[in-house]
Amino acid sequence: MNSYNESIRLISGNANPELARAISTEMDLPLADASVGRFPDGEIDIKINDDVRGTDCFILQPTCPPVNENWIELLLLIDCLRRASAGRITAVMPYYGYARKDRKDEGRVPISAKVVANTLIRVGADRLLTLDMHAAQIQGFYDIPVDHLYAKPVLLEAINGLGIDDPVVVTPDVGGIKMARSYAKALGADLAIVDKRRISGSETTVEHMIGKVDGRNVIIVDDMISTGGSISQAAQVVRDHGAKQIVIAVSHGVFCGPALERLKACPADKILVTDTNPIQSDLLEKMEVVSVAGLLGTAIQNLHKSKSISSLFD
Ligand code: R5P
């Protein structure tokens, strides 16, 4: 028997059912009985069969690919719970899609991250729980509480398990310095920077390598792998600069387009990735999937019991 009362519900959409089941197991709390299907024309058809009136509802729905499908499912689930008089609705988005456009960096482009925030609030979410957002400042687009978790404790445990001798932590671009520095600090390691420039959505080029990796073991950390361009190029650059063992650790494995081919071909010995996106663990031999289900389960439990979230950061 779990220690919850009748006042909490876990509801999953179709984005990452495996992670939802793992969270449910970690919390010893069954998923609510809900059907999230499709009408013949592809429109989303939802029915929640459990009573949710007055309950603390957590919708488990990362907006991973197919992003637009998962996003609309999330909005309709929120609307469904709102109309069913749920007490509080938390959108649990361990992977937060549409986070890359958080400002107008050229003329005539939308600020997609702002539209996502506006819509989520407008439809009725009371709270957002997310993990390693691509740009943490997106929290400022919300006038509801946002709890932002880090995959770092989970990935660090996996990194420590590899027993890497005297590593250097490398960021594949300058935007990732803060994240890399926090891993370096935790590991007591040096820091190096690959100076990447983006040419297009799937192509990048490297201008400089800052710091020394010659003869050293390297851990490349990043928030996400999308097409795999940034990380595979960074792995090649550190190898060209004399790195020995190369380990990649990323929070989100989005893996689209040429990602798998690039990862397979790149000189990394090991790729650690969490399960915020659905990933088959046998996708690549050198890949190891580490679960954030325990972290998310504890966070949900703490939110439900009004306990600290920042205690989960270390
Ligand atoms: C860039 O700012 C991000 O941290 C990732 O490095 C990037 O989004 C990964 O994209 P891709 O795998 O397509 O290079």
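The model is predicted: local features need pLDDT of at least 70, side-chain atom pairs count only at pLDDT 80 or more, and totals for chains, interfaces and linings use all residues. Residues are numbered from 1 along each chain as its sequence is written, and side-chain values use heavy atoms, with hydrogens and water left out.

Let us begin with the ligand. Around the ligand there are 14 residues, where a residue is counted if one of its heavy atoms lies within 4 Å. Asp222, Asp223, Thr227, Gly228 and Ser230 come nearest. By class, this shell has six charged, six polar and two nonpolar residues; here Asp, Glu, Lys and Arg count as charged, Ala, Val, Leu, Ile, Met, Phe, Trp, Tyr, Cys and Pro as nonpolar, and the others, Gly among them, as polar. Strand S11 gives the largest share of the shell, four residues; strands are DSSP runs (E) of at least two residues, and helices (H or I) of at least four, numbered from the N terminus.

At Gly228, a backbone N or O atom lies 2.8 Å from a ligand oxygen atom.

I turn now to the aromatic rings. The whole structure holds two aromatic pairs, with ring centres within 6.5 Å as the limit for Phe, Tyr and Trp (its six-membered ring). Tyr96 and Tyr142 have ring centres 6.5 Å apart and planes at 75°, so this pair is edge-to-face, a term for planes over 60 degrees apart, whereas those under 30 count as stacked and the rest as tilted.

Conventions:
Polar contact = N/O pair within 3.5 Å; in protein donor to acceptor, adjacent residues only side chain to side chain.
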